[in-house]
Amino acid sequence: MTQGSSHSSAARPPHRVVVIVDEGTNPFEVGVATEVFGLPRPELGLPGALYGIELCTPRPDIRMNHGFFTLTGVPGLDAADTADTLIMPGRPGNTVPRAPDVLAALRRAHARGARILSFCTGAFALAESGILDGRRAATHWQWADSFRELFPAVQLERDVLFVDDGDILTAAGSAAALDLSLHIVRKDFGAEVANSVSRRLVFAAHRDGGQRQFIERPVPAVPDESLAPVLAWAQERLGEPVTVTGLAARAGVSPATLHRRFRAQLGTTPLAWLTSERVALACRLIERGEERLDVVAHRSGLGTAANLRARLRRETGLSPSGYRRRFGPGAPAPAGRIPAAATARTP
């Protein structure tokens, strides 16, 4: 799917993101969509946003979750028919069927090849429309049993942040909606741009979709057990032979204790985190113009060009040469990227 960037505040970006706001929709998830996809990006040297965004509703007046406020003056569902990416946020009460016109809008979008996202329990709407039958999906862990009972034809992955199944992507929860949205930006515009957007959000640049959605202790009870210092130390040394044993020594704990803390605080393992950070660094090096694969592999800590190729394809679906053609300095601007001069300012 070819994306486009906004080079003029007066011209609508070629790629349109449309969010369906249904009765009881969670405001936070609508905010995630507008924050990531709709805000201007002056930090990237752009006068406008990376995407064009619009909300649409099935009725003129829509009450948000718990009646916090009512949304009025928003276009109807016809707007969904011109979306390149259509987003279905979540809502409580997922045993209550969706309105037929909402389900019909999802089916039409899928039939014409639009990319479709759901946030949190928005996956219920996708499944109810039938477009998830036989597909992989994620939803909030609290509703997993109900989801499986209602939609046995869907391959629910219970314990992941999000699932990227090509043209349909599903996030497990409200916070995971941020992870999935940044994943989309990364796929469309590369690691440099996604990293810049995440810094503006003060949010982790890249958490792999396969990470656990339920973290045992998101806020450590003992400040000294925070992983932040050792993570920052490792991020500055990704090109060095940093190992899990070395991380544990830096943290002053055993490898087993470090593993438990990673699982509890980040929902992943130390090795998986290190690998993900190294692949993200390799992507940035390629985007900045480094063409020698052995140099990229060495500087990112991935070791060999063969390992770089394998890891990059697993993470992005692209070979190093394919990634360079899409996101490197010589890539054509209309192919879903911002000008190289703007990305060069991203440290």
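Contact here means heavy atoms within 4.5 Å. The model is a predicted one, with local features needing pLDDT of at least 70 and side-chain atom pairs counting only at pLDDT 80 or more, while totals for chains, interfaces and linings use all residues. Residues are numbered from 1 along each chain as its sequence is written, and side-chain values use heavy atoms, with hydrogens and water left out.

First, the overall picture. The protein's secondary structure comes to 14 helices and 10 strands, where helices (H or I, at least four residues) and strands (E, at least two) are DSSP runs numbered from the N terminus. Of the 347 residues, 52% are buried; buried means under 20% relative accessible area, exposed means over 50%, and partly exposed is in between (1.4 Å probe, protein chains only). The protein exposes about 14800 Å², with carbon and sulfur atoms supplying 55% of that area. Accessible areas come from the Shrake-Rupley method with a 1.4 Å probe, and for residues only the protein chains shown count as cover. As for contacts between residues at least 6 apart in sequence, 64% join residues at least 24 apart.

Because 7 of its 8 residues are buried, α3 is largely enclosed by the rest of the structure. The buried residues of α3 are Gly122, Ala123, Phe124, Ala125, Leu126, Ala127 and Ser129. They pack against β5 (85-88), α2 (100-111), β6 (115-118), α4 (144-150) and β10 (168-171). Cys120 is not a glycine, yet its phi is positive at about 55 degrees, and with 7% relative accessibility Cys120 counts as buried. At the other end, α3 is followed by Gly130, whose phi is also positive, near 95 degrees.

What does Ser129 touch, once residues up to four places away in sequence are not counted? Ser129, which lies in helix α3, touches Leu103, Leu106 and Arg107. Its relative accessibility is 7%, so Ser129 counts as buried. Those partners bring in α2, which packs with α3 at an angle of about 75 degrees, the axes being 9 Å apart. Axes are lines fitted to C-alpha atoms, for helices over the stretch in contact, and angles run from 0 to 180 degrees between N-to-C directions. The two helices α2 and α3 are therefore roughly perpendicular to each other; angles under 35 degrees count as roughly parallel, over 145 as roughly antiparallel, 65 to 115 as roughly perpendicular and the rest as oblique. Leu103, Leu106 and Arg107 of α2 make the contact with Ala125, Leu126, Glu128 and Ser129 of α3. By class, the residues of this α2 and α3 contact divide into 4 nonpolar, 1 polar and 2 charged. In this scheme Ala, Val, Leu, Ile, Met, Phe, Trp, Tyr, Cys and Pro count as nonpolar, Asp, Glu, Lys and Arg as charged, and the others, Gly among them, as polar.

The axes of helix α11 (residues 293-300) and helix α12 (residues 305-316) come within 8 Å and cross at roughly 80 degrees, so α11 and α12 are roughly perpendicular to each other. On the α11 side the contact uses Leu293, Val296 and Ala297, and on the α12 side Ala305, Leu308 and Arg309. Sorted by class, the contact of α11 with α12 has 5 nonpolar, no polar and 1 charged residues.

For helix α7 (residues 228-235) and helix α8 (residues 244-251), the axes come within 10 Å and cross at roughly 130 degrees. That makes α7 oblique to α8. Val230, Trp233 and Ala234 in α7 meet Leu247, Arg250 and Ala251 in α8, giving a contact of 5 nonpolar, no polar and 1 charged residues.

Finally, two individual residues. Val193 lies in helix α6 (residues 191-201) and, at 1% relative accessibility, counts as buried. Val193 and Leu50 are 143 residues apart in sequence, and their C-alpha atoms are 9.7 Å apart in space. Gln155, found in strand β8 (residues 155-156), is partly exposed, with a relative accessible area of 44%. Not counting residues up to four places away in sequence, Gln155 touches Gly134, Arg135, Arg136 and Ala137. The C-alpha atoms of Gln155 and Ala138, 17 residues apart along the chain, are separated by 8.6 Å.
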